[in-house]
Amino acid sequence: MALTKVFTRPDSLRDINFHFCPGCHHGTAHRLICEAIDYYGIRERTIGIPGVGCGVFLYNYFDLDVCEAPHGRAPAVATGFKRVLPQNIIFTYQGDGDLGSIGMSEVIHTANRGENITVFFINNSVYGMTGGQMAPTTLLGQRTTTTPYGRDFRTEGYPIRMAEMLAPLEGVAFAARVSLHTPTQVKKARKAVLRALDIQIKNMGFSFVEFLCACPTNWGLSPRQCIEKIDGEMLQSFPLGTYKNRQDS
Amino acid sequence: MYYDVILSGFGGQGVLLMGDILAQAAMLENRQVTWMPSYGVEMRGGAASCTVVISSKKIGSPLAEEPCGLIAMSKPSLLKFQDKIKSGGLLIVNTSFVEPEMITREDLKKICLPASEISYREVGDYKMANAVLLGAFVSFSRVVTLRRVEEALDVFFREEKQKLLPLMLKALQRGSRYVLEMDGGS
Amino acid sequence: MSERQILKGCVALAEGAIAAGYRFYFGYPITPQNDIPEYLSARLPQVGGVFIQAESEVASINMLLGAAAAGARAMTSSSGPGISLMQEGLSYMAGSELPGLVVNITRIGPGLGGIAASQGDYRQATRGGGHGDYHLIVLAPNSVQEMYDLTIKAFYLADKYRNPAMILADAILGQMKEPIFLNPPPLVLPEKPWALTGARGKKAQLIKSLYLADGEMEQHNWHLYEKYRRLEREEVLVETDLQEKMDVLLVSFGSCSRMVQSALDLARSRGIRVGFLRPISLYPFPQQAVREVSREVGKVLVVEMNTGQMWDDVRLSLYPGCRARLLARPGGGIPAPGQILAEIENLVKAGDGIDESVHQA
């Protein structure tokens, strides 16, 4: 009896081990995006633009054209690409510091122009690559290397909710927050990624998926404790859901 | 051959266009020419001026330290520029807006003409004062021929603006006639 | 040969860009270069192009980066403060070896400064401006014709060397009108096999400036170094107007060189033997030309609309023993031909051992 392979590596994902720390969800997000690219058969016309952070090494893993962008500027770089190559599928892959802090202006205006691109946003509430400093999405009370006493709203303000902030803009066709901490949530995330790219393929405008992810190294927690943290306080600050899903084009 | 002239007045009086037309005419005569506007932060209503340099050779500076001529359509522009004019140079003043008593230079050739009134009474539209002055300027200075200026108008009055062309021509000719009828300047 | 027509400098530049096959503009309004985006917002759609008013200069330069990485000829334009904001993107473009054109219609700095003509951005333009070991290709027109011709040239050089290029001009050149010929060279767009258009039928490609492995970045820097040396050997643009046995050599660039041209005519009409050298490419700077010409002249007068920036490059290039003096006007002042003439006459009288000093015009 012949065996059927039911679970394989997506074609768009190179056969290379991730460098990500154990318990980090970048790998899961990478896989979901590559699965969706395979599903639509768009690998050969897709260009990825990672921001600066742990996600920058996307080009080592994704088997498609990739262009680096300066910190926070990926949506502007993506705009340049999309206007030159309107038939191509353009996505950015940005962390919370990249998108929600230094690149806030670029993402808001790209969304507001209704630029027909997809933004994947990795929210792990901390700066990963630079060593665990406060991110705009850091939870109140969360200790980071620059909030050693915990984030205090009186001095550091509040965690910023990107999906809710972008959804009301007219140019945004799709905005959702998903999480990658349980199999059920991964399944829901897969649907959101598929829909986001579907929106772009149908020229419907700007699409945005925010992933809640763990950063065990900079949170100082085990992978299992990270899942509990996401399931508890992170979901309270960042409610999951689809905040916009335009049906007409 | 070298001639530089400052054309000046209020924004809206057509000062820059007058310079544009002169520059175009100079080009049609196969001269080298530059047109340089003054510009400020303000968009409207302020002073407006431009410098046109016409030469038979390659032009260096597009600005005029000591212009050969000045056309002043407003009091502030006369006050600002009259001291710069080269001795023996030409000053043309629109006396519809500027009292001739404000002219302090004695060493210039002067043409004082009520260009706005002439434009209103004889052309039917006071806005053609710039063309009246330009007609007077070229007929007196002879830096380009009046005929070239008439030819030059074509570029600026096309399509919906074409209906203004006869008025411009009339105003130019009226300004030119003013000079020819003058008693050899004043 | 087309007929002569009178155009404003900014418009000539925009038409030059279109003649060079460029179809993508990204920019943010700032005086005194607004004629460029205003003109292009109407003109580009007529030729199937794209005009985007970006949310900032930071976004403009990164849109340019994206369009360049996709293989297009693209351009942005700005002035002083906006150019400062673009330095990050320019450094990334140089590091990623992406071509593209940035137009700087300069204003006065530092800070918000003012909008009058100035040459105070020479150093920022020619030294790189952003972080890291790189140069922009910098061309400095001095006429409306050159606003057109050098824009075409800048696109060509940017593509040839895969390096961002800059047109450095100012409000005088942007606002001035002159008759020009619009005679574009035949449009030959280079192949760009490195451009990212999707991995269809070919291996996936990567454009980046991050090199973390041992020695990789050093190697990359040496590669860029070789490119800049080649530029210095092969792409220098300079205009000279020399005489036998010159008393003084005048060196000036951009709009200021027009005032110097007038002073030169005045000086020669008085029998002074004056030469003129105008760097057109500010980077690569015409070092060799300055060295050779200054060998024949004991005295050099540099005239600039800043407090002495190109002066550094001139002094680095002078033939040993030749002395230079600077006539400077920063802050929006324009050296008048009469002032330049007076300085020339001073130098002629001064005998051989002039001091290297800065004189305010």
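In chain B, a salt bridge links the side chains of B:Glu181 and B:Arg177, with a nitrogen-to-oxygen distance of 3.3 Å. Both residues belong to helix H6 of chain B (residues 165–181), where they are four residues apart, about one turn of the helix. B:Glu181 is exposed, at 56% relative accessibility, while B:Arg177 is partly exposed, at 41%. The model in which this pair occurs is a predicted one, and a search of the whole structure gives 41 salt bridges over all chains.

Two further pairs illustrate the surroundings in which such bridges are found. In chain A, A:Arg154 and A:Asp152 form a salt bridge whose closest N and O atoms are 3.0 Å apart; A:Arg154 counts as exposed, with 66% relative accessibility, and A:Asp152 as partly exposed, with 23%. In chain C, the side chains of C:Glu178 and C:Arg258 meet in a salt bridge at 2.7 Å, N to O. Because C:Glu178 lies in strand E8 (residues 177–180) of chain C and C:Arg258 in helix H10 (residues 256–269) of chain C, this pair ties together parts that are 80 residues apart in sequence. C:Glu178 is buried, with a relative accessible area of 10%, and C:Arg258 is likewise buried, with a relative accessible area of 6%. Beyond these pairs, A:Arg83, A:Arg113, A:Glu115 and C:Glu55 are joined into one network by salt bridges that share partners.

Chain C is divided into domain 1 (5–188 + 208–234) and domain 2 (238–360), and the C-alpha centres of these two domains of chain C lie 27 Å apart. The contact between them involves 32 residues from domain 1 of chain C and 25 residues from domain 2 of chain C. About 2,300 Å² is buried between the two domains of chain C, and carbon and sulfur atoms give 53% of this area. On the side of domain 1 of chain C, the residues that lose the most area to domain 2 are C:Gln119, C:Tyr122 and C:Asn142, which together account for 34% of what that side buries. Three salt bridges are counted between domain 1 and domain 2 of chain C, and 19 residue pairs are found in polar contact across this interface. The residues on the side of domain 1 of chain C that touches domain 2 comprise 17 nonpolar, seven polar and eight charged.

Between chains, two pairs touch, and the most contacts are those between chains A and C. No contact joins chain A and chain B, whose closest C-alpha atoms are 28 Å apart. Chain B and chain C are in contact through 22 residues of chain B and 24 residues of chain C, and the area buried between these chains is about 1,800 Å², with carbon and sulfur atoms giving 61%. Two salt bridges are counted between chain B and chain C, and C:Lys177 forms a salt bridge with B:Asp20 in which the closest N and O atoms are 2.7 Å apart. Ten residue pairs are in polar contact between chain B and chain C. Helix H1 (15–28) and strand E2 (32–37) of chain B each supply at least two residues of the side that touches chain C, and E2(B) gives the most to that side, with six residues. By class, the side of chain B that touches chain C consists of eleven nonpolar, seven polar and four charged residues.

Definitions and conventions:
Residues numbered from 1 in each chain as written. Chains lettered and ligands numbered in written order. Predicted model: local features only at pLDDT ≥ 70, side-chain atom pairs only at ≥ 80, totals over all residues. Heavy atoms only, no water. Domains from an automatic or database assignment. Contact = heavy atoms within 4.5 Å. Buried area = accessible area lost by both parts, 1.4 Å probe. Salt bridge = Lys/Arg side-chain N within 4 Å of Asp/Glu carboxyl O. Polar contact = N/O pair within 3.5 Å; in protein donor to acceptor, adjacent residues only side chain to side chain. Nonpolar A, V, L, I, M, F, W, Y, C, P; charged D, E, K, R; others polar. Buried < 20%, exposed > 50% of the residue type's maximum accessible area, 1.4 Å probe, protein only.
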